[in-house]
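Colleague: I've just opened this one and I'm new to it. Can you walk me through the charged pairs?
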Amino acid sequence: MLAAATLLTSCQSILDQSYQADLKPSTNPQIVDTVQKNDPRAAMGAREHPRILASYGGEYHDAKTERLVARITGALTAVSENPNQSYRITILNSPAINAFALPGGYLYVTRGLLALANDASEVAAVLSHEMAHVTANHGIERQKREEAEVIASRVVAEVLSSDLAGKQALARGKLRLAAFSRQQELQADVIGVRMLGEAGYDPYAAARFLDSMAAYARFSSVDPENDQSLDFLSSHPNAPQRVELARQHARAFGQEGTVGDKGRDYYLNGVDGLLYGDSPEEGYVRNETFLHAGLGIRFDVPEGFRIDNKAEAVLATGPDETAIRFDGVEGSDTQSLTNYLTSGWVAGLLPDTVRDITVNGLPAANAKASAERWDFDVTVIRMDKRIFRFLTAVPKGNSSLQATAETIRNSFRKITPQEAADLKPLRVRVVIAQPGDTITTLSARMMGTDRKLDLFRVLNALPTGAAITPGQRLKIISD
């Protein structure tokens, strides 16, 4: 005790002697830009960074959430296979559930993924997997594939007269580029689980979160057996054997439930208030209705359809492979809408079907089109100096085309000032279960979905039959 007291006194003395009131930040701090200055891999990531931001709604800024993600990334960096590798972590302002990496240490995670995760170890599992791709230089190999894809993209742009068809072909190319090989994915799994365990996180989080993402994909699909997700699972296959392999790697650290920190409480604190779903700039989806205060419009899709609000367009899918696309373009307030329809932007347009119409008092035009195995109904509506476009597609011979297109077209109208004022973004809210609360009572507080119970279970990773206990912290979606 005497020795300890002497040591403490000495430490205090040293601190007192070394303290200087005029200490200032370094004039030459070690920042990421400095460290990566001459790294060619970082230059590759920097070149693609603006495109990623443009595709995913830009950056999501919230100091509390940014500190949370930085804390997780920092813990993983300390046990990385390449301690000299620096990382730039960006939260993307997108409801999609995705995370990926670019060469040079550019890491991305969407706010949609953060909303789905239930603890810090699950996000750490995703980020460690992506960091593993960086340390293994998998992105360099993917870059070589992109050079060939660029050539193919030019051919698409030159051959296809339809901008829509061209963009869809380019999008498919981007999805192919996003995918690493199976061997690369398995290699990243092994490295990622090891990093999880060595950083002190629950090493079983990787398998657990893969299950959560698969559950969300099933929830999001109109047909539960047909995963239509274009998010994380599109480029990170969730085969059952892969989940089991992740659990096998985790067993090296100990038995499930006995090792590692999940970081649930500080994680929930960090995502409480997180923006959920659509951002105000892109409009809102409320069940089967799309509303946009900035554009001053709204429309409904038929019952049983699912709306997917993308940055470039609003898409909706329904039974029997029916699909709807809605977007808007700048246009003259004097241009003939029938002339606009026949100006060449619609492939397969049937000229004898073009006609002038009105939609809830707004000038409009309508026509039919046919291409390959699809029949289309095309409607354009003018509001001020903007032209809004509906494209409804069904397999050839499907008799539902007319009724579906009319339902959507006739629902399009200007929103009232009160409707615009009432539109508020949805957010993740962390609530504490009270005595008497059940999954049914808590899920009833969910907003923005007509499948409240299902989404509540998915967001909180609650299996069928799970019970709520007083004091338990859970996520709901509210305004």
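This is a predicted model: local features need pLDDT of at least 70, side-chain atom pairs count only at pLDDT 80 or more; totals for chains, interfaces and linings use all residues.

Colleague: Okay, let's pick one. Which residue does R208 form a salt bridge with?

Modeller: That's E122, and the closest N and O atoms are 3.1 Å apart. R208 belongs to helix α10 (residues 205–220) and E122 to helix α6 (residues 120–135), so their pairing ties together parts that are 86 residues apart in sequence.

Colleague: And is E122 buried or exposed?

Modeller: E122 is buried, with a relative accessible area of 2%.

Colleague: Switching topic: what does R473 pair with?

Modeller: R473 meets D265 in a salt bridge, at 3.4 Å from N to O. Distant parts of the chain are linked here: R473 sits in strand β17 (residues 473–478) and D265 in helix α13 (residues 264–271), 208 residues apart. D265 counts as partly exposed, at 49% relative accessibility.

Colleague: What about E419, where is that and what does it meet?

Modeller: E419 is in helix α16 (residues 417–422), and its side chain meets R298 in a salt bridge of 3.1 Å, N to O. R298 lies in strand β7 (residues 297–300), 121 residues from E419.

Colleague: Buried or exposed, that R298?

Modeller: R298 is buried, with a relative accessible area of 15%.

How values were computed
Residues are numbered from 1 along each chain as its sequence is written. Side-chain values use heavy atoms; hydrogens and water are left out. A salt bridge is a side-chain nitrogen of Lys or Arg within 4 Å of a carboxyl oxygen of Asp or Glu. Helices (H or I, at least four residues) and strands (E, at least two) are DSSP runs, numbered from the N terminus. Buried means under 20% relative accessible area, exposed over 50%, partly exposed in between (1.4 Å probe, protein chains only).
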